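Take a look at the sequence and the fold below. A short report follows, one region at a time.

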Amino acid sequence: MNQSYKMLYKLAIGFKKWEEQKGSLPEEVHDGLKLMVSECARNQMYPPTDINQLMKILPLPSKEWGISGLESIFPPEASLLNNEFGVTLEAEDFLEEIESPEEYEQSIMKQILLYCRTNNLEDSYRLIRIFLSNKSHSVIPFYKLYDFYGKISNSDLINLVSSCYEEVVNIEHYRKCPNCGWTLEWKKGNWRCNKENTCQALSDFRSIEHYDETDEKLLRMKSGIQKYILLPGMSELRIADKLSEKGYKVTMYPNIDEYDIKVETIDYVAMLDVKDYYNPYQLALYINNKTTTELNDNVWYIIPDYRAKLFPEYQKRVKDYLHDDRKHLVKIFSESEVYKVLGVSL
């Protein structure tokens, strides 16, 4: 981890913790400030002298921070803080890409992934991912989650899956998202589904439902699970179901999530990797950091239809940001394009 990467990580995780917990600023923010001072000195830039100055810099596009090399890890046009919502979606995507859960302890799914790989638990991993990709499990009574534990039968994994959920109190204060089933909250005069509020562009929010009254203990997916597992997972399950109905042999999360979907025919095998970065620059970074041997004709990067709808030129922008040596190596399709390529009727 070079110093600019470490600086970005410390600032992003520090302000993310502060956004969620409030109170005093976490130590990571102060560590990030020290690293920014050092990076500014290295780049012969005037450094922020305190937290107030730092918080005036971080809402600016990162290309205006005056620190060289950031463009190799973060979108130049993106900021780290948004004055309205806190940590930006690009910063959250950056944190989600952190490989080690020791660095980003909130990434529960990465802990599940590493545990299953270490213990060769492919079937358990597949069960968990499919369960968390089902919108009917976004808000559930505790007994349904308890029933699912019986299918895992591994105490460590049960504890990790439990960490994907949190108790919902005062369910009458929420409404049910018509797209993903998660909890809508009333903010600034509108019902919102999580931070990005992606679902509002995909469903009719004019007619939304209350949750059924119940005496059961209710749980909802934590916001990171809803954003990074449920929403793309809904696309993954939809693709897998449609291809299976067409007669393709489909395997979900083969080799413990080496890819999302393995599609086999008599003639070839395709590995589909569903990617849902808010900013197309970050998908390009992900691909640019792959070795050319990892980029072969069998690997297809799939953009969920909801992302393509929200950003019509998403694929073009990704390709514009790719290095020249991989522009013609990489296959990038929207979800709907995959169906057309593989001859599936919509």
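Is Gln44 buried or exposed? Gln44 counts as exposed, because its relative accessibility is 75%. (Buried means under 20% relative accessible area, exposed over 50%, and partly exposed in between, with a 1.4 Å probe and protein chains only.)

## Basis of the model

This is a predicted model, in which local features need pLDDT of at least 70, side-chain atom pairs count only at pLDDT 80 or more, and totals for chains, interfaces and linings use all residues. Residues are numbered from 1 along each chain as its sequence is written, and side-chain values use heavy atoms, with hydrogens and water left out.

Helices (H or I, at least four residues) and strands (E, at least two) are DSSP runs, numbered from the N terminus. Contact means heavy atoms within 4.5 Å.

## Positive phi angles

Most residues other than glycine have a negative phi. Gln44 has a positive phi, near 55 degrees. Gln44 sits in the loop between H2 and helix H3 (51–57).

Tyr253 also has a positive phi, near 50 degrees. The loop between strand S9 (249–252) and H10 holds Tyr253. Tyr253 is buried, because its relative accessible area is 0%. Asn120, which follows H5, has a positive phi near 55 degrees.

## Helices H1 and H2

Helix H1 (residues 3–21) meets helix H2 (residues 27–42). Their axes come within 8 Å and cross at roughly 150 degrees. (Axes are lines fitted to C-alpha atoms, for helices over the stretch in contact, and angles run from 0 to 180 degrees between N-to-C directions.) H1 and H2 are therefore roughly antiparallel to each other. (Angles under 35 degrees count as roughly parallel, over 145 as roughly antiparallel, 65 to 115 as roughly perpendicular and the rest as oblique.)

The crossing of H1 and H2 is left-handed. (That term applies if the near helix is turned anticlockwise from the far one by less than a right angle; clockwise is right-handed.) H1 contributes residues including Met7, Leu11 and Phe15 to the contact, and H2 contributes residues including Val29, Leu33 and Met36. By class, the contact of H1 with H2 has eight nonpolar, five polar and six charged residues. (Ala, Val, Leu, Ile, Met, Phe, Trp, Tyr, Cys and Pro count as nonpolar, Asp, Glu, Lys and Arg as charged, and the others, Gly among them, as polar.)

## Helix H5 and its partners

The axes of helix H5 (residues 108–118) and helix H8 (residues 155–162) come within 9 Å and cross at roughly 165 degrees. H5 is therefore roughly antiparallel to H8. Their crossing is left-handed. Ile108, Gln111, Ile112, Tyr115 and Cys116 of H5 touch H8 through Asp156, Leu157, Leu160 and Val161. Seven nonpolar, one polar and one charged residues make up the contact of H5 with H8.

H5 also packs against helix H6 (residues 122–132), at an angle of about 160 degrees with the axes 10 Å apart. H5 and H6 are therefore roughly antiparallel to each other. Met109, Ile112, Leu113 and Cys116 of H5 meet Tyr125, Ile128, Arg129 and Leu132 of H6. The buried residues of H5 are Ile108, Met109, Lys110, Ile112, Leu113 and Cys116. They pack against helix H4 (89–96), H6, H8, H9 and helix H10 (254–257).

## Nonpolar cores

A nonpolar core is a set of buried Ala, Val, Leu, Ile, Met, Phe, Trp, Tyr and Cys residues joined through side-chain atoms within 4.5 Å. The largest has 55 residues, and Ile112, Ile128, Leu132, Tyr165, Cys180 and Leu272 touch the most other members. Helix H9 (residues 223–245) supplies the largest share of this core, nine residues.

Beyond its neighbours within four places in sequence, Leu132 is in contact with Met109, Cys164, Tyr165, Met221, Ile225, Ile229 and Leu230. A second, separate core has 29 residues, among them Leu33, Leu35, Leu80 and Ile98.

## Asn288 in helix H11

Asn288 lies in helix H11 (residues 280–288). Asn288 is buried, because its relative accessible area is 11%. Its C-alpha atom is 7.6 Å from that of Arg326, 38 residues apart along the chain. Not counting residues up to four places away in sequence, Asn288 touches Tyr321, Leu322, His323 and Arg326.
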